[in-house]
Amino acid sequence: QVQLVESGGGLVQPGGSLRLSCAASGRTFSRYVMGWFRQAPGKEREFVARITWSATWSSRVTNYADSVKGRFTITRDNAKNTVYLQMNSLKTEDTAVYYCAAGESLSGRDYYTELAYDYWGQGTQVTVSS
């Protein structure tokens, strides 16, 4: 069982920055692919970013939705059981509830979709407005 707790959301002006954090419980954090999703009012939840971890190669792979590429950066600190989402050049359309998710690293899963993730946080609100 993994519990995820997001923090760092808030109100920011267009062009501003925020850093979201997601702290995970448990000792096997490094086994999980970590993702960020978001849900805007009246819309379905959508993929934002994901990050893998290979203990064998001590390497990670990141992927982003086209709408955030070049503005958002996902990182992870396995020693702290935490994943981050640095959000720069925020736009009003980035306003949403942001969710952290963890999915066991298994072949055949599509980590761009919600179904690949086993655990979810409660979400943190990000509002971009002047």
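Start with the sheet: 4 strands form an open, antiparallel sheet in the order β1-β3-β8-β7. Strands here are DSSP runs of E at least two residues long, helices are runs of H or I of at least four, and both are numbered from the N terminus. Two strands pair when DSSP finds at least two bridges between them. At the edges sit β1 and β7 (72–77), each pairing on one side only. On average, neighbouring strands of this sheet are turned by 15° against each other, direction ignored; the axes behind that are lines fitted to C-alpha atoms (for helices over the stretch in contact), with angles running from 0 to 180 degrees between N-to-C directions.

Before you click further, a word on the model: it is predicted, with residues numbered from 1 along each chain as its sequence is written. Local features need pLDDT of at least 70 and side-chain atom pairs 80 or more, while totals for chains, interfaces and linings use all residues, and side-chain values use heavy atoms, leaving out hydrogens and water.

Next, select β3 (residues 18–24) along with β8: the two pair in the antiparallel sense over 6 bridges. Look for Cys 22, which stands opposite Val 83 in β8.

Now pick Asn 81, in the loop between β7 and β8. Is Asn 81 buried or exposed? It's buried, with a relative accessible area of 16% (buried means under 20%, exposed over 50%, partly exposed in between, using a 1.4 Å probe and protein chains only). Leaving out residues up to four places away in sequence, Asn 81 touches Cys 22, Ala 23, Ala 24, Ser 25, Gly 26 and Phe 29, where contact means heavy atoms within 4.5 Å.

Hop over to Gly 8, in the loop between β1 (4–7) and β2 (10–12). Gly 8 is partly exposed, at 34% relative accessible area. Setting aside neighbours within four places, the contacts of Gly 8 are Leu 18, Arg 19, Leu 20 and Thr 124.

Thr 95 is the next stop, in the loop between β8 (82–87) and β9 (96–104). What do polar atoms of its side chain reach? One lies 2.9 Å from the backbone oxygen of Thr 92, and the backbone nitrogen of Val 128 also has a polar atom of the Thr 95 side chain at 2.9 Å. Beyond four places in sequence, Thr 95 touches residues including Ala 40, Pro 41 and Gln 125.

Finish with the rings, sides shown. There are 7 aromatic pairs (Phe, Tyr or Trp rings, the six-membered one for Trp, with centres within 6.5 Å; planes under 30 degrees apart are stacked, over 60 edge-to-face, the rest tilted). Tyr 111 and Tyr 117 are edge-to-face because their planes stand at 80°, with centres 5.8 Å apart. Tyr 117 is buried at 6% relative accessible area. Tyr 117 also pairs edge-to-face with Trp 120, at 6.1 Å centre to centre and 65° between the planes. Trp 120 is partly exposed, at 26%.

Key
A polar contact is a pair of N or O atoms within 3.5 Å; within protein, one must be able to donate a hydrogen and the other to accept it, and residues adjacent in sequence count only if both atoms are side-chain atoms.
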